[in-house]
Amino acid sequence: MGKLNVNLCGIELDNPVIASSGTFGYGYEFAELYDINCLGTFSFKGTTKEPRFGNATPRIAEGPSGILNSIGLQNPGVEKVISEELPKLKKCFHKPVIANVGGFSMEEYVYTCKKLDKEEQVGWLEVNISCPNVHGGGMSFGMQCDAAYAITKAVKEATTKPVLIKLSPNVTDIVSIAKACEDAGADGISLINTLMGMRIDLKTRKPILANVFGGYSGAAVFPVALRLVYLVAHAVDIPVVGIGGVSSAENVLEMMMAGATAVQVGAANLLDPFVCRDIVRDLPAAMEKYGIDSLSDLSIKQGAK
Amino acid sequence: MKQGVFTVRENIPLTDSVYRMKLEGDTSSFTNAGQFLNIRIDGLYLRRPISLCDLEDRIITIIYKVVGKGTEDLSKMTPGKTLDILTGLGNGYDLSLSGSHPLLLGGGVGVPPLYYLAKKLIEDGKRVSVVLGFNTQNEVFYEKEFRALGADVIVTTVDGSYGKKGFVTDAMPHDYTYFYTCGPEPMLKAVYRSTVTEGQFSFEKRMGCGFGACMGCSCKTITGYKRICKDGPVLKKEEILWEN
């Protein structure tokens, strides 16, 4: 086992660097730029049962060291993801991939997870119960322990692959929700999704986003994410995937020191399409600098399955 | 698409708020007029997408209007400054459909991408007519540059202070074979209604990444959802669905 390897829910990753859902498409845009097989893996664009255009535009605004988005789960629907996108993904990426799933009802989550669970290349299901940009679903399932428990249990009963539940930071007590997911059989927890925010155009005096509110991510949220990863990782026994503002090898190490087994890189991909490749490249030197021999020894979760 | 470091070689005002910048670096990923670049600016999180105005060997020309913090910072840059830029973004205009007499319709800072387009069309032996629309006389730029390429140029101003009074659609010649346009959305809609041939429209939208990853700039078209940054910014007339 190499010094960068980590084990995420029983599947070995060559390194802990994972490109985050919604910032990496289905991989092939990035595969035009570099060999994306250097990544640990990536989580492809959130998939729902039906096709979705998403929210009205503008969907993007900016903040200090961050990006506010209100995409609203645009995707072609699970049937087309399987028939059109995954074959293209397979041509450029040859490792198990994370299938990110969104939904508006228990039935939809289960339907989409079942479909993707059967896809050979899907290594993990990442159930997004934290999308801040869709009404009547998404985040509402991640706001309360009983709803999070119910979704997790239903998905676990319908599928065979490791299930990661992706949690929202826009809650009063993320630790309780993470514990509810663990109790329901989740194999891991991904956190955090974006933080709710808004911007107003001074000239028009109106919100910049057509959806008014959006989810904030980027370097600005790293300390917030780190704290929540630390809290959750110390409260559950299952692996935690640290997400939020990661943009360097040092950030990856810090996330792992907080308890993350693997680390996702999101918004940074949108500014610097080579950032994941560069983080993987920079990790050995950063480890040497801080006297780290093996990443799998770093996380408090090492050995967790 | 390529990521590269470019050096500012020139940065001069053309009007009170419009600037021209020349940048030197590896321009090899540009294949087409109508493509754009995405510039990283110190202290700002998102890159700023700007259309390609001209391309000569290792030199890119851009023309931009100061509208906010990003373009204000750009306007203060001096020769020698280096910038991290993604190049070769977007589809660009399809020149093969132009026929013998293409008409180019540009409004305000929608004018710049038409310059390189006019240059390429004229190189291909086409007779190119250009209508450049501005609000008022002191906003007019690039009239003589288009003439120097050999294009027939008409300038319109909304207030009539220079050229023909009115909008670009009030000054279109009648014998064009095809059209290409770029400008503010109300102008594009007017062009859509006023033109009698097929043509191509270049759109502007708030973008996250600029290369197709984030779905921030999606729009609906007759042929399905498209990303302005990756499947556009140029759409053909027959695929456009106006959302409002």
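Here are some questions and answers about a predicted model with chains A and B.

Q: Which residues of H4(A) and H5(A) meet?
A: From H4(A) come A:Cys145, A:Ala148, A:Tyr149 and A:Thr152, and they meet A:Ser176, A:Ile177, A:Ala180, A:Cys181 and A:Asp183 in H5(A). Sorted by class, this contact has 6 nonpolar, 2 polar and 1 charged residues. Two residues are in contact here if their C-beta atoms lie within 7 Å.

Q: What makes strand E8 of chain B count as mostly covered?
A: Strand E8 (residues 102-107) of chain B has 6 of its 6 residues buried. To be buried, a residue needs 20 or more other C-beta atoms within 10 Å of its own.

Q: What makes E8(B) and E12(B) a pair of strands?
A: Two strands pair if DSSP finds at least two bridges between them. E8(B) and strand E12 (residues 178-182) of chain B have 5 bridges, in the parallel sense. One place to look is B:Pro102, whose bridge partner in E12(B) is B:Tyr178.

Q: How many bridges does E8(B) have with E9(B), and in which sense do the strands pair?
A: E8(B) and strand E9 (residues 129-134) of chain B pair over 5 bridges, in the parallel sense. Here B:Leu104 stands opposite B:Val130 in E9(B).

Q: Why is A:Leu73 called buried?
A: A:Leu73 has 24 other C-beta atoms within 10 Å, and therefore counts as buried, the cut-off being 20 or more. Its place is in the loop between strand E6 (66-69) and helix H2 (78-92) of chain A. Phi of A:Leu73 is near 60°, a positive value in a residue other than glycine.

Q: Why does A:Val212 count as exposed?
A: A:Val212 has 12 C-beta neighbours inside 10 Å, so it counts as exposed; the limit for that class is 12 or fewer. A:Val212 has a positive phi of about 70° although it is not a glycine. You will find A:Val212 in the loop between strand E13 (206-207) and strand E14 (214-217) of chain A.

Q: What makes the peptide bond from A:Thr57 to A:Pro58 worth a look?
A: This bond is cis, with omega near 0°, and most peptide bonds are trans. A:Pro58 is in the loop between strand E4 (41-47) and strand E5 (60-63) of chain A.

Q: Which kind of peptide bond joins B:Gly232 and B:Pro233, and where is B:Pro233?
A: The bond is cis, with omega about 10°. B:Pro233 is found in the loop between strand E15 (224-227) and strand E16 (234-236) of chain B.

Q: How many residues of chain A are in contact with chain B?
A: 26 residues of chain A are in contact with 22 residues of chain B. E5, E6 and helix H8 (268-271) of chain A each supply at least two residues of the chain A side. That side divides into 11 nonpolar, 11 polar and 4 charged residues.

Definitions and conventions: Residues numbered from 1 in each chain as written. Chains lettered and ligands numbered in written order. Predicted model: local features only at pLDDT ≥ 70, side-chain atom pairs only at ≥ 80, totals over all residues. Helix = DSSP H or I, 4+ residues; strand = E, 2+ residues; numbered from the N terminus. Nonpolar A, V, L, I, M, F, W, Y, C, P; charged D, E, K, R; others polar.
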